[in-house]
Amino acid sequence: MKVKVDEKKFAFIMCTNNKQYCREALHYIEKLTVPDGYIVEMCVIEDAACMTEGYQRAMMSSQAKYKIYLHQEDRKSTRLNSSHCIVS
């Protein structure tokens with residue numbers, strides 16, 4: 001069954017085992033400037049057997065065209081306003 005892709009959605013996908021790092025990353029993601037008409041989805045996986053399993057699970061659950069995979073320790077990299085770069 002083919003899943004319909006949402007052309008105007010970003011999914012930030014992160015596996016985490018540290019709630020503080022996760023909160024900090026989500027804080028920065030919420031501050032990103034999103035192009036008009038686009039929405040942001042945050043997929044946080046806390047119970048993955050391994051990082052690749054968690055990323056795969058989140059990827060399959062999201063219909064977003066743009067999927068951004070984060071490591072919990074790279075949380076400050078979300079300070080960049082990358083959403084404009086992706087769609088430009």
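1. A quick word on terms before the tour: a residue is called buried here when its relative accessible area is under 20%. Please keep in mind throughout that this is a predicted model. With that cut-off, the buried residues of helix α1 are C22, E24, A25, L26, Y28 and I29.

2. Staying with α1, this helix runs over residues 19-31, 13 residues in total. From the first C-alpha to the last, α1 reaches 19 Å, which is close to the expected 18 Å. At its start, a side-chain oxygen of N18 comes to within 3.0 Å of the backbone nitrogen of Q20. The cover over the buried residues of α1 includes the strands β1 (6-15), β2 (39-45) and β3 (64-71).

3. Now to the interior. Nonpolar side chains tend to be buried together in soluble globular proteins. The largest nonpolar core has twelve residues: F10, F12, M14, C22, A25, L26, I29, L32, Y38, Y66, I68 and L70. Two or more residues of this core come from each of β1, α1 and β3, and α1 gives the most, with four. Apart from this core lies another, of eight residues, including I13, I45, Y55 and A58.

4. Helix α2 (residues 51-61) is worth a look next. Its buried residues are G54, Y55 and A58. These residues lie on the same side of α2, because they cover an arc of only 100 degrees around the axis. An α-helix has 3.6 residues a turn, so residues three or four places apart point the same way. The buried residues of α2 pack against β1, β2 and β3, whereas the face turned away from the buried side carries the exposed residues T52 and M60.

5. The whole structure holds four aromatic pairs. In one of them, Y38 and Y66, the ring centres are 6.5 Å apart and the planes stand at 45 degrees, so the pair counts as tilted. This pair links distant parts of the chain, with Y38 in the loop between α1 and β2 and Y66 in strand β3, 28 residues apart. Both Y38 and Y66 are buried, and together with F10 they form one aromatic cluster.

6. Y55 and Y69 make an edge-to-face pair, at 5.3 Å centre to centre and 65 degrees between the planes. Here Y55 sits in helix α2 and Y69 in strand β3, 14 residues apart, so that distant parts of the chain are linked.

7. S62 lies in the loop between α2 and β3. Its relative accessibility is 6%, so S62 counts as buried. The side chains of S62 and E41 are joined by a polar contact of 2.5 Å. Neighbours within four places in sequence aside, S62 is in contact with A11, E41, C43 and K67.

Notes: Residues are numbered from 1 along each chain as its sequence is written. This is a predicted model: local features need pLDDT of at least 70, side-chain atom pairs count only at pLDDT 80 or more; totals for chains, interfaces and linings use all residues. Side-chain values use heavy atoms; hydrogens and water are left out. The expected span of a helix is 1.5 Å times one less than its number of residues. Buried means under 20% relative accessible area, exposed over 50%, partly exposed in between (1.4 Å probe, protein chains only). Contact means heavy atoms within 4.5 Å. A polar contact is a pair of N or O atoms within 3.5 Å; within protein, one must be able to donate a hydrogen and the other to accept it, and residues adjacent in sequence count only if both atoms are side-chain atoms. A nonpolar core is a set of buried Ala, Val, Leu, Ile, Met, Phe, Trp, Tyr and Cys residues joined through side-chain atoms within 4.5 Å. The arc is that of the directions from the helix axis to the C-beta atoms. Rings of Phe, Tyr and Trp (its six-membered ring) pair if their centres lie within 6.5 Å; planes under 30 degrees apart count as stacked, over 60 as edge-to-face and the rest as tilted.
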